[in-house]
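Visitor: Hi, I'm new to this one. Could you walk me through it?
Guide: Happy to, here it is.

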Amino acid sequence: MARHVIAPVDELPPGTRKFLEIEGRPIAVFNIKGEYFGLMNRCPHQGAALCEGPLIGLAQSSNPGEIEYTKLGEIIRCPWHGWEFDIRTGQSYCDPRRFRVKAYPAHVEPGASVVKGPYVAETVTVKVESDYVVVEL
Amino acid sequence: MNIQFRESPEAASHPTTKTAIADCDIHPARATRTELYPYLAKRWQHHLEVYGVHAYQGMMEGPPYPKAQPNASRRDAYPPEGGPQGSSLSFMQKQLLDPNNVQLGVLNPLNTGQGIRNHDLSAALCSAINDWQIDKWTSKDKRLKASIVVGNEDGLAAAAEIRERAGDKNFVQVLLLSRNVEPLGQRRYWPIYQAAEEAGLPVGVHAFGFGGNPITPSGWPSYYIEEMVGHSQCQQSALASLVLEGVFERFPKLKMVMIEAGFGWAPSLAWRLDKVWQRLRSEVPDVKRPPSEYIREQVWWTTQPMEDPERREDLFDVINWIGWDRLLFATDYPHWDYDEPSRVLPAGVSEANRAAFYLDNAKKLYGIA
Ligand code: FES
């Protein structure tokens, strides 16, 4: 599994995302409240650039008339037809049996380990003193 | 909420569909509120500034609620130069026409001047929107063709507009909406059908409308999702009215296009109509043949929103009833329920049927060489 350095940590603050192409695949990496997640930027429904949609929460109802709104900022809504996916897992909420977006693990590595490898830097100049967001695929 | 878009809109284009296609439902928008003024007499510009628009239905200008996405449109369809989705020709070319190899794009402007109580204002606005379609769109990109928008509630004024545009190659159909003051088969609308038949132009009936009637036959619903399915109910009553008022019998060369209301319901509506017609035909002696015959001979269907049943055989059953020569592919760009051309038709369709579905039927119906 190749590991790619995609940004210094301070370039990807909470609530933001970065789009890039890795090995010919469109990828987006999100910072959700300090945790990092990578997703394929292509909707499994009809192929829209899924990760350009808004981040929303999840509206669910356990009993008629009772509505819970959770996972605020953790659900991506496709910019075309509005299908909802969980950023953490790529799970679809409208048809979890048939659809899922490919999720890629992302996390933070200190500069020292990034410089040592086995990492590929994606348009990022790497310095030992900083921490970096790294995605695996 | 933090929404980031890619820096370059070019990067947002999608895989190219290699074979040429037609897109029979594209919605061009005005970039500014006053964009039609150059095409409107001063008298009507002043009228709009002083009195505004008095419609049959409230909330005609703005949607009664956000329709799933801003302006009911794809979130990636904002032109880079600003303005609402669908308002920029160059961005439409980059995002829709070029990457999908659209050879024929039929424009259906909405919120135009239809369904306005002041019929003179309605006629002026419709005529303005027709001039605007030529100036801003069809004269600048030969792939695009316009629909003649008419003040539908005044049949005579509408017929005059059609006659004025007849023979102008910028226009390929007459555009009506499905929700009107009365069901579409009624006599007030007949001059429209007569003029369209004379001009050899199909009449497109697009879902929506501002006739003041509720969005569903059982009243105003609570949810947008109900409005979405309500379009097909409305289109069914419009089509039943056209058949049963004898419009197809009276205008045998008239061609109707049902736009953006699905088509999966077509067989069951026709079966129901045939069955009751056999029992009740003496009430409507104008209707000389089983309703399904008129429907299959004189009605075409745009595909978006494409039916998407779990078993593709179910889809093929419906299409086989309708006829592979009767469907016209459409995306509904830039609206949010857009259908992506490369993804809508399941595998297992013959080359000839694919070609008919994506391009040939439209070229034939709209008379494009
Ligand atoms: S393409 Fe994403 S929901 Fe349809």
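Predicted model: local features only at pLDDT ≥ 70, side-chain atom pairs only at ≥ 80, totals over all residues.

Visitor: Okay, how many helices and strands does chain B have?
Guide: Chain B has eleven helices and eight strands.

Visitor: And what is its radius of gyration next to that of a compact globule?
Guide: Chain B has a radius of gyration of 20 Å, which agrees with a compact globule, because 369 residues would give a value near 21 Å. Taken along the principal axes, the C-alpha atoms of chain B fill a box of roughly 60 × 55 × 45 Å.

Visitor: What share of chain B is buried?
Guide: 57% of its 369 residues count as buried.

Visitor: Now the inside. Which residues have the most contacts in the largest nonpolar core?
Guide: Those are Tyr193(B), Leu239(B), Met256(B), Trp301(B) and Tyr366(B), in a core of 120 residues. Helix α3 of chain B, residues 119-138, gives the most to this core, with nine residues.
Guide: Apart from that core lies another, of 14 residues, with Ile27(A), Tyr36(A), Met40(A) and Tyr104(A) among them.

Visitor: Back to Met256(B), what does it touch?
Guide: Leaving out residues up to four places away in sequence, Met256(B) touches Tyr193(B), Val203(B), Val205(B), Leu242(B), Phe248(B), Gln298(B), Val299(B) and Trp300(B).

Visitor: How about α10(B), which of its residues are buried?
Guide: The buried ones are Leu315(B), Phe316(B), Val318(B), Ile319(B), Trp321(B) and Ile322(B).

Visitor: And what covers them?
Guide: The cover includes α8 (266-280), α9 (291-298), β7 and β8 (327-328) of chain B. After α10(B) comes Gly323(B), with a positive phi near 110°.

Visitor: Which residues other than glycine have a positive phi?
Guide: Ala72(B) is one of them, with phi of about 50°, and Asn101(B) is another, with phi near 50°. Most residues other than glycine have a negative phi.

Visitor: Where are those two?
Guide: Ala72(B) is in the loop between α1 (42-51) and α2 (89-97) of chain B. Asn101(B) is in the loop between α2 and β2 (102-107) of chain B.

Visitor: Is Ala72(B) buried or exposed?
Guide: Ala72(B) is buried, because its relative accessible area is 14%, under the 20% cut-off. Asn101(B) is partly exposed, with a relative accessible area of 30%.

Visitor: Last topic: which peptide bonds are cis?
Guide: One of them runs from Gly117(A) to Pro118(A), with omega near 5°, and another from Gln304(B) to Pro305(B), with omega near 0°. Most peptide bonds are trans.

Visitor: Where do those prolines sit?
Guide: Pro118(A) is in the loop between α1 (111-116) and β9 (119-121) of chain A. Pro305(B) is in the loop between β7 (299-302) and α10 (312-322) of chain B.

How values were computed. Residues numbered from 1 in each chain as written. Chains lettered and ligands numbered in written order. Heavy atoms only, no water. Helix = DSSP H or I, 4+ residues; strand = E, 2+ residues; numbered from the N terminus. Rg over C-alpha atoms; globule rule 2.2 N^0.38 Å. Buried < 20%, exposed > 50% of the residue type's maximum accessible area, 1.4 Å probe, protein only. Core = buried A, V, L, I, M, F, W, Y, C linked by side-chain atoms within 4.5 Å. Contact = heavy atoms within 4.5 Å.
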